Amino acid sequence: MADLPTPDIIYTKVDEAPQIASASLLPIIRAFASAAGVTVGTRDISLAGRIIAAFPEKLTAEQRQSDDLAELGELVKTPEANVIKLPNISASVPQLVAAVKELQGQGYDIPDYPEEPATDEEKAIRARYDAIKGSAVNPVLREGNSDRRAAIAVKNYAKANPHSMGKWSADSKTRVSTMSGNDFRSNEISATLSAEQAGAARIELVAGDGTVTVLKDKVTYPAGTVVDATFMSAKALDAFLAEQIEASKREGVLFSIHLKATMMKVSDPIIFGHAVKQFLKPVFDRHGAALEAAGVDPNSGLGTLLERVGDMPEGKAILADIEAVMADRPPMYMVNSDKGISNLHVPSDVIIDASIPALLRAGGKGWGPDGKAADTNCVIPDSSYAAVYEESVRYFKETGALDPSTAGTVQNVGLMAQKAEEYGSHPTTFQIPHDGTVRIVLANGDVLHQHKVEAGDIWRAASTRQAPIEDWVNLAISRQKAEGCQAIFWLDETRAHDAELIKYVTPILEAAGVSDKFQILAPRDATRLTLETIRKGENSIAITGNVLRDYLTDLFPILELGTSAKMLSIVKLMNGGGLFETGAGGSAPKHVQQIMEENHLRWDSLGEFCALGESLKFLAEAKGNAKARVLGEAVDVATQGVLDNNRSPLGKVGQTDNRDSHFYFALYWAQALAGQKADAELAAHFAPIAEALAENESAIVAELAADQGKPADLGGYYHPDPAMLETVMRPSATFTRIIG
Ligand SMILES: NC(=O)C1=CN([C@@H]2O[C@H](COP(=O)(O)OP(=O)(O)OC[C@H]3O[C@@H](n4cnc5c(N)ncnc54)[C@H](OP(=O)(O)O)[C@@H]3O)[C@@H](O)[C@H]2O)C=CC1
Ligand SMILES: O=C(O)CCC(=O)C(=O)O
Ligand SMILES: [Mg+2]
């Protein structure tokens with residue numbers, strides 16, 4: 001692969017629903033692109049692919065795979081990069097373990113995930129798996145800042161065809177609860193490094209007796225980097241969780257906890273584990289030692305715990321105690337009440353960016369164990385960003401739900417490049433082994449930050465480099481100029497990190513003479529003003545750090561469009577390339593269950609269509625390829641056609657599914673190419689294709705529907721069989737023949 005020329009466009013191979021959809025869509029894209037001499041290659045960044053690439057010495061020559069993520073990580077630093085990035089799994093430990101088991105079952109001799117590595121060999125294996133765990137892909141590829149918005153056609157479609165919204169009532173008991181102190185927000189300290197302070201820093205823990213343990217050496221901080229340090233007290237967290245469990249019961253609401261255990265792959269699984277232990281406190285008080293001896297890690301969730309307990313000699317007694325405790329606790333917010341999967345079963349099942357917006361869209365209701373919607377206590381331990389959701393809940397209680405048929409839109413310009421802020425903090429996040437003082441010692445010997453900590457506290461340093469900050473402010477200036485609407489920097493001058501960012505933002509706006517076009521507001525105030533603005537039908541640009549980029553690009557699209565899957569998501573890479581993400585949502589695991597059970601795929605590829613159009617137009621500019629522009633503009637026409645003609649997938653067997661929507665996308669794309677005047681050669685090439693697709697519409701639609709309603713075998717969940725996937729996803733011989 002290495003000595004072949006890099007394809008014009010790289011389309012990523014990922015996981016779950018988007019990967020299943022690719023089996024149908026990518027052949028269409030490749031066939032159409034080849035008519036313009038545009039090559040479309042793939043690189044495998046799936047969880048299974050990354051596991052396989054990590055253990056070459058264990059595998060046969062046929063099984064081995066190259067490290068495509070590393071290759072793409074280099075490519076995105078070059079002006080040639082043109083990557084269409086689909087959502088991939090950011091694996092929690094239970095997902096990683098399941099993927100390993102599936103690969104072993106397919107004959108891959110890869111080692112088990114060592115939960116408690118003891119030997120050097122086990123530690124080395126664990127280190128390889130730790131590099132694969134959590135959000136291990138996006139931070140590597142996102143060498144630029146983020147521009148996420150709904151294309152005008154998509155927004156107009158949502159206004160004309162509004163999705164249903166749950167009703168809010170003023171006496172809803174739903175609320176957001178968050179820590180009042182001793183959390184990441186309140187313990188944060190921050191500073192911007194001078195040239196003298198730049199270089200390789202060290203993070204160390206100094207015990208009461210003066211013994212120094214180096215937690216991390218050689219952390220590189222260039223001049224101008226904003227460096228934050230903070231910690232969450234384990235004791236304060238436990239007290240807060242205990243209080244909220246009690247309060248939920250008293251108030252008669254569901255208990256729920258919303259974290260980002262995927263992107264915050266070190267801190268948030270630990271916080272999740274605290275919630276599991278607090279919820280089951282009497283069980284852990286009584287059986288803690290036995291559970292630990294059996295290798296139970298509460299951070300992996302109740303699902304794994306229940307599995308392990310089943311194998312323990314005292315399993316029956318523990319299960320009886322668990323049942324008794326659960327009966328005494330508040331009802332829990334459920335992931336799947338039919339299957340008994342609760343919020344605390346798997347750390348990656350409830351991911352805050354998607355989970356809270358879905359609850360807000362439903363009028364402040366979560367699903368309880370009885371399968372009924374109910375008011376919910378949304379526990380968000382750290383208070384850094386909880387105010388956004390708290391203010392949203394208050395606002396909707398006051399004013400009722402938003403009306404998607406009249407609401408304006410919120411776009412986002414997000415600071416993301418070079419592992420900015422908390423989302424890049426995993427290598428410098430530590431669960432503190434013993435009481436002491438953590439300090440950051442800079443290259444010149446200065447102690448930049450220090451905190452007194454206790455055993456179990458979660459301490460972290462996060463950094464944000466100067467060039468990405470400047471690029472982000474300039475992107476905000478150009479986006480505001482293009483839109484001419486309200487633009488708000490969601491920064492809190494009373495928060496240490498934000499105060500450092502404001503010192504960068506203000507002079508850049510002043511130098512550009514545009515200070516009057518922007519406001520700087522703390523997240524709570526920005527939430528209120530933004531909701532008031534869109535309720536009036538006006539638009540707003542949210543200019544945010546990395547976490548709010550993630551949260552708001554699910555929150556507002558889910559309220560406005562019903563889903564974040566339809567977003568345009570562009571990453572203008574800092575070295576000149578382009579990364580085009582498909583929507584702002586994830587890989588929709590529920591959709592995979594559905595196709596396996598009844599061969600209906602409700603995944604909507606609108607995000608892929610939008611990204612493809614942008615990628616082709618970028619290619620046209622970058623490589624002076626006029627045909628690519630024609631192809632790209634025709635993609636936009638086809639996307640509009642899919643919307644206007646209601647060809648997007650729906651939820652049930654017998655309704656339009658993903659494959660149907662791809663057929664209509666191909667038909668409209670071919671018709672747009674046949675009908676355009678800019679390139680006669682392309683028009684002549686696509687005229688017979690458009691004609692054949694139109695003529696065979698009913699035959700193709702019937703062939704696509706023939707196997708629906710029956711189970712579909714894909715040959716694997718994490719590592720499906722490509723031939724079986726193709727059989728399921730390309731069932732129309734007529735369509736396949738015409739596409740060629
Ligand atoms: N950029 C990336 O790489 C991202 C990856 N992820 C990963 O995705 C996985 C799932 O995350 P989760 O937080 O549950 O979020 P998802 O966005 O995957 O799922 C939430 C719900 O959103 C709806 N949805 C999302 N995308 C589409 C689509 N294209 N078409 C139709 N409906 C859609 C589905 O609703 P319904 O069930 O009602 O149809 C789905 O159940 C995790 O493994 C996570 O790590 C998450 C976010 C971004
Ligand atoms: O990388 C991930 O785990 C998720 C990314 C995400 O949710 C986003 O960027 O919106
Ligand atoms: Mg997100």
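This is a predicted model: local features need pLDDT of at least 70, side-chain atom pairs count only at pLDDT 80 or more; totals for chains, interfaces and linings use all residues.
Residues are numbered from 1 along each chain as its sequence is written, chains are lettered from A and ligands numbered from 1 in the order in which they are written, and side-chain values use heavy atoms, with hydrogens and water left out.

The shell of ligand 2 comprises Ser90, Ser135, Asn138, Arg142, Arg148, Lys260, Thr262, Met263, Asp353, Arg549, Asp550 and Ala584, a residue being counted if one of its heavy atoms lies within 4 Å of the ligand. Two of these residues are nonpolar, four are polar and six are charged; in this scheme Ala, Val, Leu, Ile, Met, Phe, Trp, Tyr, Cys and Pro are nonpolar, Asp, Glu, Lys and Arg are charged, and the others, Gly among them, are polar. Polar contacts are pairs of N or O atoms within 3.5 Å. An oxygen atom of ligand 2 lies 2.5 Å from a polar side-chain atom of Ser90. For polar side-chain atoms of Arg142 the corresponding distance to an oxygen atom of ligand 2 is 2.8 Å, and for Arg549 it is 2.9 Å. Ligand 2 on its own has 290 Å² of accessible area, of which the protein covers 89%; accessible areas were computed by the Shrake-Rupley method with a 1.4 Å probe.

Backbone N or O atoms lie 2.7 Å from an oxygen atom of ligand 1 in Ala588 and 3.1 Å from one in Ser90. The side chain of Asn138 places an N or O atom 3.1 Å from an oxygen atom of ligand 1. The protein covers 79% of the 880 Å² of accessible area that ligand 1 has on its own.

Helices α23 (residues 658-675) and α24 (residues 680-695) pack with their axes 7 Å apart, at an angle of about 140°. Helix α23 is therefore oblique to α24, as angles under 35 degrees count as roughly parallel, over 145 as roughly antiparallel, 65 to 115 as roughly perpendicular and the rest as oblique. Axes are lines fitted to C-alpha atoms over the stretch in contact, and angles run from 0 to 180 degrees between N-to-C directions.

Terms used. A polar contact is a pair of N or O atoms within 3.5 Å; within protein, one must be able to donate a hydrogen and the other to accept it, and residues adjacent in sequence count only if both atoms are side-chain atoms. Helices (H or I, at least four residues) and strands (E, at least two) are DSSP runs, numbered from the N terminus.
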